2 protein chains.
Amino acid sequence: MKAKVPITSQKRVVVIGGGFGGLKFARKLAKYDFQVVLLDKINYHQFQPLFYQVATAGLEPSAISFPLRKVFHKQDNVVIRLAEVTSVNTKESFVVTDIGEISYDYLVVAIGADTNFFGNEKIKSNSLPMKSTVEALNIRNRILQNYEEALSIEDAADQQAHMNIVVVGGGPTGVEVAGTLAEMRKNILPKDFPELKFERMQIYLLEASPKLLNGLSQKSSEKSKEYLDKLGVNVRLETRVKDYDGNTVFLENSQIQARTLIWAAGVIGNKLEGIPADVLVRGNRIKVDRFNKMEGSENVFALGDVCFMTEEKFPNGHPQVAQVAMQQAENLARNLGGILKNEDMKPFTYRDLGSMATVGRNLAVVDFPFMKIQGFFAWLIWMFVHLMSIVGAKNRVLIFINWAWNYITYDQSLRLIIKDPKKKK
Amino acid sequence: MKAKVPITSQKRVVVIGGGFGGLKFARKLAKYDFQVVLLDKINYHQFQPLFYQVATAGLEPSAISFPLRKVFHKQDNVVIRLAEVTSVNTKESFVVTDIGEISYDYLVVAIGADTNFFGNEKIKSNSLPMKSTVEALNIRNRILQNYEEALSIEDAADQQAHMNIVVVGGGPTGVEVAGTLAEMRKNILPKDFPELKFERMQIYLLEASPKLLNGLSQKSSEKSKEYLDKLGVNVRLETRVKDYDGNTVFLENSQIQARTLIWAAGVIGNKLEGIPADVLVRGNRIKVDRFNKMEGSENVFALGDVCFMTEEKFPNGHPQVAQVAMQQAENLARNLGGILKNEDMKPFTYRDLGSMATVGRNLAVVDFPFMKIQGFFAWLIWMFVHLMSIVGAKNRVLIFINWAWNYITYDQSLRLIIKDPKKKK
């Protein structure tokens with residue numbers, strides 16, 4: 001069955017995924033004389049860097065989400081379909097989706113990455129990942145629900161297990177969520193649950209490597225640990241999680257009792273059936289050349305977290321971050337647009353604009369290529385950069401007000417367990 | 001099993017339900033020397049009058065919800081439990097909940113009302129009610145999902161059925177949701193879905209009685225119909241829905257094809273097992289005296305939508321609106337508080353402060369006891385009153401910004417289908 005998509009005289013570029021890479025690419029390519037068909041499973045773009053604030057009740061999902069259709073109100077050569085792509089036929093140039101087949105002249109695979117549980121099904125089913133707005137909301141619901149349940153528990157050890165939180169993965173996500181939880185433990189939770197003793201609540205941040213924030217400078221890494229120590233987070237480096245049954249976190253030589261385990265330990269490229277196995281490298285990434293063209297193909301491209309491109313300075317591929325995806329998207333749009341004018345393609349070169357992570361109130365680390373900053377000023381930069389990066393002026397205003405409010409009142413006020421009470425847990 | 005609730009020397013008042021009545025009552029009673037145990041299935045208070053704006057993507061759930069625990073940060077004689085009350089034992093004075101039994105000295109039943117489907121199971125399972133934040137979100141998701149699906153439909157009649165919306169019930173909720181949908185059809189949906197022909201989308205408002213807004217004045221009723229006509233809503237009075245199978249709405253002598261039916265046609269008191277059958281009157285309401293005391297009981301009270309009290313001016317009971325619940329809550333708190341000082345109880349007298357409903361942009365009707373107003377000025381009053389009634393200063397600010405933004409841009413921007421894409425529909 002063919003999907004119902006308008007047929008025009010333009011060449012059709014099908015883009016799978018409306019994340020940082022896919023959305024930027026579609027916006028840029030829409031300026032050229034192509035028909036752009038954007039496919040996604042969800043009808044909004046998600047601003048991943050702030051998932052942790054949704055998880056910790058500081059922001060609403062809507063503040064960091066933006067309806068895809070709204071982005072393209074003025075571009076009538078863009079067709080959007082809410083669809084799940086099940087496979088691609090690269091020989092005959094069409095994708096198979098749950099709304100039918102869609103043929104393409106060029107295909108851009110921007111399906112991103114999902115949480116990597118490294119094959120451990122038990123960890124997967126018992127822990128909480130944070131790679132989507134919905135998953136972030138699940139974390140919020142679970143944490144709040146745990147405290148509600150803790151109130152009814154007589155056994156002290158069991159009660160503490162309901163209060164403890166283990167975060168696995170010392171990247172920016174792990175650092176940010178652990179820091180924010182520590183702030184909540186200090187400022188809000190004791191007020192919400194005066195019957196619980198929050199001095200007994202433990203927050204752990206476990207990292208398998210010897211340092212936090214591996215992508216950042218040594219100085220930033222050390223500072224972030226120092227900040228987390230100050231906030232009372234138990235940071236354990238060179239610590240691997242062996243298993244988790246929903247109650248006990250099994251480490252190499254010890255155990256931690258915790259009902260909540262947030263898993264931010266790694267990502268793996270989303271799979272798309274039909275992509276030849278021999279172009280997939282470690283972490284399910286699709287091997288592409290410097291033009292983001294998939295190895296062995298003429299009209300299939302991949303960009304962002306799901307692609308693997310090497311440069312002289314990046315012999316092991318680029319870091320899987322938004323900046324890479326967005327820069328690749330711009331370059332690829334220009335290159336494809338250039339085809340219409342018979343221009344030569346330009347190879348992609350990554351310009352590292354810097355990395356940053358926030359740990360808590362007034363505490364952040366920022367690595368610019370020309371300068372490293374930590375502390376209050378870094379925290380202001382972090383906020384400014386994130387505020388400016390979010391899609392939609394209204395989101396910007398609402399996030400700013402939320403942040404200002406939370407800062408002044410020491411209160412993340414969105415502590416709502418929003419789920420259907422008519423359904424059983 | 002006994003629930004874990006602190007035991008104090010104070011008399012214990014158990015309140016079931018954190019709606020308008022229950023919340024107000026708990027806040028007022030907390031000033032007296034009682035232990036107040038507030039039980040609810042959800043951890044936040046919901047501002048029902050704005051559910052329709054959540055359903056039509058104008059407001060976020062969090063903007064009209066307020067965490068119950070936050071309300072009582074400074075009242076340490078208030079104990080909150082997230083619990084589902086399954087029954088009450090009025091003889092031995094305890095309630096049975098999913099977290100155990102809780103004994104009481106006084107019980108206040110403020111469990112409100114739910115949607116009344118008048119026994120039609122088929123309508124119940126196929127239509128969308130709007131009596132909770134979650135149900136309002138379901139409506140939003142369903143409507144947006146329908147347009148996404150409509151894009152893939154070849155058959156013109158089927159496509160139109162996906163676009164049509166039928167609202168049943170001409171009270172404030174029905175009028176407000178129908179009017180807002182008409183605004184969306186005019187201003188937003190054609191921009192979001194340029195491939196669909198929205199001049200073919202029909203919005204119906206069906207009301208069984210001969211007029212809209214039955215609780216309001218004749219003038220307001222007529223004006224609201226006039227406004228809806230102007231907005232292109234098909235208002236059909238004296239029209240009863242016989243049945244609905246998810247595709248076809250069966251009326252007395254005709255049918256309407258529509259995939260979405262919003263059911264706002266009536267309410268029925270929530271049931272609590274253990275309340276004697278002989279005190280229940282029509283619509284499951286609990287018969288109480290002028291002190292909100294349940295008939296035949298000494299220490300069980302009921303207030304708000306779930307109670308039935310007659311006054312000289314209200315021989316058939318009070319209207320089931322927030323104003324009644326809140327006024328009863330204040331009176332009952334004062335009366336129970338008076339027991340501690342051996343004061344006499346004051347009988348309740350309802351003071352009707354007026355009713356209002358908004359139809360659309362610049363269009364509302366307001367009935368004050370001393371004046372009836374329609375149109376732009378009524379619309380300003382409506383906004384002001386609702387803004388001032390919402391719990392939480394931050395909610396007030398965020399709603400105001402949202403409204404101002406939506407007004408200026410003609411755009412409800414929260415068109416996000418937030419549900420787990422990993423789960424099947």
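Student: Hi! How far apart do the C-alpha centres of domain 1 and domain 2 of chain A lie?
Tutor: The C-alpha centres of those two domains of chain A lie 32 Å apart. Keep in mind that this is a predicted model.

Student: Which residues make up each domain?
Tutor: In the domain assignment of chain A, domain 1 covers 11-115 + 267-340, and domain 2 covers 121-265.

Student: How many residues does each domain of chain A give to the contact?
Tutor: Domain 1 of chain A gives 12 residues and domain 2 of chain A gives 17 residues. On the domain 1 side, α2 (51-55) and β10 (113-115) of chain A each supply at least two residues. The largest share of that side comes from α2(A), with 4 residues.

Student: And what classes of residue are on that domain 1 side?
Tutor: The side of domain 1 of chain A that touches domain 2 of chain A has 7 nonpolar, 4 polar and 1 charged.

Student: Okay, new topic. What rotation superposes chain B on chain A?
Tutor: A rotation of 180° does it, with 0.0 Å of shift along the axis and an RMSD of 0.0 Å. The two copies are thus related as by a two-fold rotation axis. The same surface serves both copies, as 100% of the contact residues of chain B recur in chain A.

Student: Which residue of chain B comes closest to that axis?
Tutor: That is L398(B), whose C-alpha is at 3.5 Å from the rotation axis.

Student: Let's look inside chain B. Is helix α1 of chain B buried or exposed?
Tutor: Helix α1 (residues 20-29) of chain B is largely enclosed by the rest of the structure, because 8 of its 10 residues are buried. The buried ones in α1(B) are F20(B), G21(B), G22(B), L23(B), K24(B), F25(B), A26(B) and L29(B).

Student: What about strand β17 of chain B, which residues are on each side?
Tutor: In strand β17 (residues 260-263) of chain B, T260(B) and I262(B) are on one side, while L261(B) and W263(B) are on the other. These four are all buried, and both faces of the strand are covered. As background, side chains in a regular strand alternate between the two faces of the sheet.

Student: How does β17(B) pair with strand β11 of chain B, parallel or antiparallel?
Tutor: Strand β11 (residues 165-168) of chain B and β17(B) pair in the parallel sense over 4 bridges. For example, I165(B) has T260(B) as its bridge partner in β17(B).

Student: One more thing: what is the strand order in the open sheet of 3 strands in chain B?
Tutor: The order is β23-β24-β25 (chain B), with antiparallel pairing. The edge strands are β23 (355-360) and β25 (371-374) of chain B, and each pairs on one side only. Neighbouring strands in this sheet are turned by 5° against each other on average, direction ignored.

Student: How many bridges join β23(B) to strand β24 of chain B?
Tutor: There are 5 bridges between β23(B) and strand β24 (residues 363-368) of chain B, which run antiparallel. In that pairing, A357(B) stands opposite V365(B) in β24(B).

Methods: Residues numbered from 1 in each chain as written. Chains lettered and ligands numbered in written order. Predicted model: local features only at pLDDT ≥ 70, side-chain atom pairs only at ≥ 80, totals over all residues. Least-squares fit on C-alpha atoms with pLDDT ≥ 70 in both. Contact = placed C-beta atoms within 7 Å. Domains from an automatic or database assignment. Nonpolar A, V, L, I, M, F, W, Y, C, P; charged D, E, K, R; others polar. Buried ≥ 20, exposed ≤ 12 C-beta atoms within 10 Å, placed from the backbone. Pairing = 2+ DSSP bridges. Axes fitted to C-alpha atoms, helices over the stretch in contact; angles between N-to-C directions.
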